[in-house]
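Q: I would like a close look at a single part of this model, followed by an account of how the rest is arranged around that part. Please keep to what can be read from the coordinates.

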Amino acid sequence: MQSTDQELILELARAHGFARAGLAAVPPDGNAPRAASLEAWLARGLQGPLDYLLQNAATRAHPRERFPWARSVLCLGAHYDGGAKGVAGLDLSAHVARYARGRDYHAVFEKRLKALARALVDAGLAGQAHWYVDTGPVLERAWAEAAGLGWIGKNTCLIHPKHGSYMLLAELLLDVEVPAAEAHADHCGTCTRCLDACPTNAFAAPGVLDAGRCIVTWNLEQKGDVPEARWTEHHGWAAGCDLCQSVCPYNAPERLPAPDAELAAPLPWEELTLAEAITLAREAYDEAFRGSALRRTGWKGLRLGAITAAGNVRAEATRASLEACLDDADEAIRARAAWALKEMERAASRP
Ligand code: SF4
Ligand code: SF4
């Protein structure tokens, strides 16, 4: 493929709302970059309770297993709002990771990807295209690194040297041949801020996450269904955790790029207090969280997360809500609220 055609593909990608775009060549053996690291990671059981990662490992490592025509991966990214929000102990937004605060990117990206795939085919720039937005087995950060969008840091995130890591990714497999892109050097150097900041020691080694220890696994992926021994480890997070990103010097506030306007559009739930989230009624949840990335936790998961956060930060402002939960119809809510109240008593009784 001529370099002008590559440029046209990237221009079309940007015109369809992806601030970051790059092309990675699928190598002649068809192996995805970092496929061997994934196998080694799974062999150590570091996926924790995320057993779905054991499925489709072969397709993830070899995209041509499913799409024999795949010759390149168009890697796409858009920035979410990396600003700090809310007051800890009072506002729910202060206890939600940045990537989970905005609009559900799956729905936003899906529209853009479908339109982009059509535009590429209509323009004769590709014959076949298949899109992914967290919808199938694809090593998205590894492909994005191979496409020159950044390097994978010690915190396992894709980091752009100018734009940081507050970025959501998607991919289009294409049937067009492209040369290998120029990779970014690893700019982590001797820094270890992310490893030092992790409250659960979730890094088995620099760049190697033990998912069973990561807060995100429990409060987002497992929808708040957390073993009791872990309740004290949630460091005030109701949904997600991004400490290992917020401490990264490449995400310093003065470096943050403008967020994608559609992803960052305000949502009604941002007005909720932590206390309100704890006792939130089902109907109010459906109303406040429509279109939000936080729907991933589900109604009960969000309440469990908010209760756990309140217990962790001893949020006195939530006391009445926690007490109300002691009569909740759901046993898990009752148990978590009783624990949170005990945590508050314990903190109050300390000299
Ligand atoms: S997201 Fe939080 S718990 Fe998970 S590795 Fe990063 S700092 Fe640790
Ligand atoms: S905090 Fe430091 S070590 Fe961690 S990803 Fe950022 S630059 Fe790399």
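Which residues are around ligand 1?

A: The model is a predicted one. In it, the residues around ligand 1 include four cysteines by name, Cys 198, Cys 214, Cys 241 and Cys 244. The rest of the list consists of Thr 200, Ala 202, Leu 209, Ile 215, Val 216 and Leu 243. By class, this shell holds 9 nonpolar residues and 1 polar residue, with no charged residues. Two helices contribute to the shell: α7 (215–221) and α8 (243–246) each supply at least two of its residues.

For context, the protein is divided into domain 1, made of 3–81 + 101–174, and domain 2, which covers 193–344. The C-alpha centres of these domains lie 27 Å apart. Across the boundary, 29 residues of domain 1 are in contact with 32 residues of domain 2. On the side of domain 1 that touches domain 2, β2 (72–79) and α4 (105–122) each supply at least two residues. That side of domain 1 divides into 14 nonpolar, 11 polar and 4 charged residues.

Ligand 2 has a shell that involves both domains: at least three residues are drawn from each of domain 1 and domain 2. In total, 13 residues surround ligand 2, and the closest are Gly 153, Cys 188, Cys 191, Cys 194 and Cys 248. The class count for this shell is 8 nonpolar, 3 polar and 2 charged. The shell of ligand 1, by contrast, has no charged residues.

Helix α4, already mentioned at the domain boundary, also packs against helix α1 (residues 3–15), at an angle of about 150° and with the axes 10 Å apart. Since angles over 145 degrees count as roughly antiparallel, α1 is therefore roughly antiparallel to α4. The crossing of this pair is right-handed. From α1, Ile 9, Leu 12 and Ala 13 meet Leu 116, Ala 119 and Leu 120 of α4. The contact is made up of 6 nonpolar residues, with no polar and no charged ones.

On the α12 side, the residues in the contact are Arg 303, Leu 304, Ile 307, Thr 308, Ala 310 and Gly 311. They meet Ala 332, Ile 333, Arg 336, Ala 337, Trp 339, Ala 340 and Glu 343 in α14. By class, this contact has 8 nonpolar, 2 polar and 3 charged residues, whereas the contact of α1 with α4 has no charged residues.

Key. Residues are numbered from 1 along each chain as its sequence is written. Chains are lettered from A and ligands numbered from 1 in the order in which they are written. This is a predicted model: local features need pLDDT of at least 70, side-chain atom pairs count only at pLDDT 80 or more; totals for chains, interfaces and linings use all residues. A residue is near a molecule or strand if its C-beta atom, placed from the backbone, lies within 6 Å of it. Ala, Val, Leu, Ile, Met, Phe, Trp, Tyr, Cys and Pro count as nonpolar, Asp, Glu, Lys and Arg as charged, and the others, Gly among them, as polar. Domain bounds come from an automatic or database domain assignment. Two residues are in contact if their C-beta atoms, placed from the backbone, lie within 7 Å. Helices (H or I, at least four residues) and strands (E, at least two) are DSSP runs, numbered from the N terminus. Axes are lines fitted to C-alpha atoms, for helices over the stretch in contact, and angles run from 0 to 180 degrees between N-to-C directions. Angles under 35 degrees count as roughly parallel, over 145 as roughly antiparallel, 65 to 115 as roughly perpendicular and the rest as oblique. A crossing is left-handed if the near helix is turned anticlockwise from the far one by less than a right angle, and right-handed if clockwise.
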